[in-house]
Structure formats: structure tokens, C-alpha cells
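User: Hi! Could you take a close look at one part of this structure for me and walk me through what you find there? I would enjoy one connected account.

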Amino acid sequence: MDRKRVESTTTYAAVVLLSILGPLSVLAVADGAFGWDLLDENWESVAWFVIGATAVTIVCCAVVSAMLNVSLMAESMAKIAEKLDRDS
């Protein structure tokens, strides 16, 4: 498994989903605050589901990215420690 590729893919996916979720969330909040009734009640439920599912996916992408970065940092620190141990 190429961890750097997985990390960059999850980061890219999170950025794309955030760029979609941002305007949709603002529109949904404005719809509720001003009572615009942009969608029928059934479609509004679907829209909230899509917003929630997108938010969960973004959190999952962020967690995967963080876990992979921690793993890469641990490997780098181990290599540095080995080098310092050999040099001393």
C-alpha cells in the first residue's frame, strides 16, 4: 500500500467534499433561518441526509489522513534515531 498516495487521495477528497458542503450548508441554514422552503419536505430530508453523510465522509477522510501522517512521522523519527545511534 502506497501510504503517501492514500493520504493525498483522502486529503483531496476531503477538500473537494468541503467545497461542496460549505455552500450547501450555508444554503440549508439560510433556508431554515428565513423560512424560504426551497425544497419539498421529502427532498429537504434527502438534502439533510446528503449533508450529514458528506460531513461524516469528510471526518473519515481527515482521520485516515491524520493516521497515515502519524505513521509516516513515526517512521521518519525511527530513521533519525537509528542514524543518530550509529553516529554516536
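Predicted model: local features only at pLDDT ≥ 70, side-chain atom pairs only at ≥ 80, totals over all residues.

Thr-10 sits in helix H1, which covers residues 3–34. Is Thr-10 buried or exposed? Its relative accessibility is 13%, so Thr-10 counts as buried, the cut-off being under 20%. A polar atom of the Thr-10 side chain lies 2.9 Å from the backbone oxygen of Glu-7. Which residues does Thr-10 touch once its neighbours within four places in sequence are set aside? Those contacts are Cys-61, Val-64 and Ser-65.

H2 supplies the largest share, five residues. Which residues line the pocket? The lining is made up of Leu-24, Leu-27, Ala-28, Asp-31, Leu-38, Leu-39, Glu-44, Ala-47, Trp-48, Val-50 and Ile-51. Sorted by class, nine of the lining residues are nonpolar, two are charged and none is polar. Asp-31 and Glu-44, both in the lining, count as charged.

From the pocket we can move on to the link between the helices. Asp-37 lies in the loop between H1 and H2. Its backbone deserves a look: phi is positive, at about 50 degrees, although Asp-37 is not a glycine. With 61% relative accessibility, Asp-37 counts as exposed, because the cut-off for that class is over 50%.

How many aromatic pairs does the structure hold? There is one, and it joins Phe-34 and Trp-36. The ring centres of Phe-34 and Trp-36 are 5.4 Å apart, with 25 degrees between the planes. That pair counts as stacked, because the planes are under 30 degrees apart. As for accessibility, Phe-34 reaches 59% and therefore counts as exposed, while Trp-36 has a relative accessible area of 45% and is partly exposed. Phe-34 is included in the residue range of H1, 3–34.

Definitions and conventions. Residues numbered from 1 in each chain as written. Heavy atoms only, no water. Phe/Tyr/Trp six-rings, centres within 6.5 Å; stacked < 30°, edge-to-face > 60°. Buried < 20%, exposed > 50% of the residue type's maximum accessible area, 1.4 Å probe, protein only. Helix = DSSP H or I, 4+ residues; strand = E, 2+ residues; numbered from the N terminus. Polar contact = N/O pair within 3.5 Å; in protein donor to acceptor, adjacent residues only side chain to side chain. Contact = heavy atoms within 4.5 Å. 1 Å grid on protein atoms, 1.4 Å probe; cavity = no way out; pocket = protein on both sides within 12 Å on 5 of 7 lines; lining within 4 Å.
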